[in-house]
Amino acid sequence: KQNGGAVTEVGPFVELSNIIVSPDSSKYAFINRKANGNYYASYINASAPSSVVDYGPYESVDDLFFSSDSQKIAFVADDLDILYGKKIMIINLSDGMVAAPLTTLPSVLNILGFNGQKISYYANTNNGNTVYTKSLSDGTTSFQYQVDYSGLNFLNSKTKVSPDLKVFSYVVRSGSYEYLYLHSDPNQAPKEVAHYSWIQNGKFSNQASLFSYSPHKYSGAPSSMFIANPYVNGGSTEEMSSQLITAAGVAQIGVLGFKNSQLSVAYSLCDNNIKELVWIKDLLSGKEQIFKLAQSANYCGRDVGYDGISPDFKKIAYKIGNRIVLEDLDTEYVAPRCGDNKIDSGEVCDGSSLNNQTCSTKGFNSGSLSCSADCKSFVTTNCVKTNILATCYGPMGATGYSRLNTKGEVSGTNLD
């Protein structure tokens with residue numbers, strides 16, 4: 001790795017997705033499809049990443065959540081022997097025991113949040129699009145709301161819930177726009193926060209007081225980051241400013257994690273020097289940290305923000321091809337720039353680094369070659385072309401002084 005830090009690869013797998021990190025950073029879970037075509041909910045321990053524990057097989061596995069104590073996982077499974085029905089599975093990782101699944105539900109089902117005692121999920125039933133929060137101990141419902149967006153496209157995959165399972169976010173598409181709603185009271189309608197041409201996956205902060213999301217404002221505009229407060233003015237928003245994430249050339253931004261005082265963002269800069277970076281900003285001090293992912297150089301086009309990051313923002317797990325890459329975020333990355341004496345993509349030179357070029361290679365006899373202020377050309381002002389005094393002999397023995405310059409042109413008398 002260019003900037004240090006431990007990197008571990010696990011795999012290869014036939015197919016994998018939904019990589020997540022446990023709250024205590026000790027485990028990584030993912031959805032694993034094997035060669036037999038069946039799906040499994042799988043996890044590995046950080047201390048022994050080569051040992052994979054599988055739960056299955058299933059016709060399909062969707063969504064994947066750790067409990068807040070890192071001792072359970074919850075996921076949506078479609079049994080091999082049940083037609084047109086899914087169920088929520090909860091498994092104790094300490095002994096592998098499967099908790100009693102919730103009642104088999106329709107084919108459209110998504111887990112939104114899970115803290116070990118309660119679970120929030122979305123289901124499309126005969127009653128319409130409904131969001132629930134239920135107790136696992138007695139089955140009581142503490143939140144239930146039928147989401148009614150008649151004639152609009154409700155994007156259930158973009159529905160999120162806060163860690164305390166009390167605040168929800170919805171995204172609805174209408175025409176060429178996506179609308180973001182925040183919802184904290186089941187007795188009131190959700191409140192519209194904003195609308196954009198496209199909204200990337202968002203995340204609630206760890207105490208649910210803030211919600212972060214990344215919109216595409218319009219075609220050709222750089223991506224950016226916004227922070228919304230669901231408790232102020234119906235969801236007031238503030239745009240996050242950063243020279244890096246709002247610069248031209250930013251192709252994608254996705255929120256990795258969000259704590260009340262820190263925001264962690266993954267984004268890719270797609271230019272001649274392709275790179276994928278993790279950006280962490282302290283919202284109180286304004287301090288920014290940048291980390292470059294070790295295995296991302298050739299994967300700029302993949303979706304970002306769907307990787308797993310540890311709660312302390314020190315480890316990340318992401319997918320490259322059919323492998324899982326586990327990486328420590330321990331050495332900050334310094335972005336290439338003109339003036340750092342390193343020749344980067346798009347630069348012909350940089351400061352004292354002249355790419356083995358001299359005045360001589362540029363057609364001069366001597367002098368000092370330098371680099372332009374924008375690193376895109378050479379400066380030959382201090383290079384010298386010297387005229388050479390030569391003696392020429394004519395065919396009859398006549399002599400005369402003439403000058404031979406560096407281009408091989410001769411001037412003077414008696415040049416026959």
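Modeller: Beyond its neighbours within four places in sequence, L64 is in contact (heavy atoms within 4.5 Å) with N18, I20, A29, F30, I31, A41, A74 and F75. The model is a predicted one, in which local features need pLDDT of at least 70 and side-chain atom pairs count only at pLDDT 80 or more, whereas totals for chains, interfaces and linings use all residues. Residues are numbered from 1 along each chain as its sequence is written, and side-chain values use heavy atoms, with hydrogens and water left out.

L64 belongs to the largest nonpolar core, a set of 16 residues, and it is listed with I73 and F75 as having the most contacts inside that core. Such a core consists of buried Ala, Val, Leu, Ile, Met, Phe, Trp, Tyr and Cys residues joined through side-chain atoms within 4.5 Å. Here buried denotes a relative accessible area under 20%, exposed over 50%, and partly exposed the range in between, computed with a 1.4 Å probe on protein chains only. Two or more core residues come from each of β3 (27-33), β4 (39-45), β5 (48-58), β6 (60-66), β7 (72-78) and β8 (87-92).

From the core I turn to the charged pairs. There are eight salt bridges, each defined by a side-chain nitrogen of Lys or Arg within 4 Å of a carboxyl oxygen of Asp or Glu. One of them joins the side chains of R323 and E9, with an N to O distance of 2.6 Å. Because R323 lies in strand β29 (residues 323-328) and E9 in strand β1 (residues 7-10), this pair ties together parts that are 314 residues apart in sequence. Both partners are partly exposed: R323 has 21% relative accessibility, and E9 has a relative accessible area of 40%.

The strands that carry this pair also meet in a sheet. β1 and β29 run antiparallel and are joined by four bridges; two strands count as paired if DSSP finds at least two bridges between them. Within this pairing, E9 stands opposite V325 of β29. The sheet as a whole is open and has four strands in the order β1-β29-β28-β27, with antiparallel pairing. Its edges are β1 and β27 (308-309); each has a single partner strand, so one side of each is left without a neighbour in the sheet. In general, strands of a sheet pair through backbone hydrogen bonds, either parallel or antiparallel.

Other salt bridges involve E178. The side chains of E178 and K158 meet at 3.0 Å, N to O. This pair links distant parts of the chain, 20 residues apart: E178 is in strand β17 (residues 177-183), and K158 is in the loop between β14 (153-154) and β15 (160-161). E178 is buried at a relative accessible area of 3%, and K158 also counts as buried at 17%. A further salt bridge connects E178 with R173, whose closest N and O atoms are 3.2 Å apart. R173, at 22% relative accessibility, is partly exposed. Through shared partners, K158, R173 and E178 form one network.

Covalent links complete the account. The whole structure contains three disulfides, a disulfide being a pair of cysteine sulfur atoms within 2.5 Å. The sulfur atoms of C338 and C375 are 1.9 Å apart, and the torsion about their S-S bond is about 90°, so this disulfide is right-handed. C338 is in the loop between β29 and β30 (366-367), and C375 is in the loop between β31 (370-371) and β32 (378-379), 37 residues apart. C338 is partly exposed at 32%, whereas C375 is buried at 1%.

C349 is joined to C371 with an S to S distance of 2.0 Å; with 80° about the S-S bond, that link is right-handed. Since C349 lies in the loop between β29 and β30 and C371 in strand β31, parts 22 residues apart in sequence are tied together. C349 is buried at 0%.

The sulfur atoms of C359 and C383 are 2.0 Å apart. With -75° about the S-S bond, the link of C359 and C383 is left-handed. C359 lies in the loop between β29 and β30 and C383 in strand β33 (residues 383-384), so the pair ties together parts that are 24 residues apart in sequence. C359 is buried at 3%, and C383 is buried at 10%.
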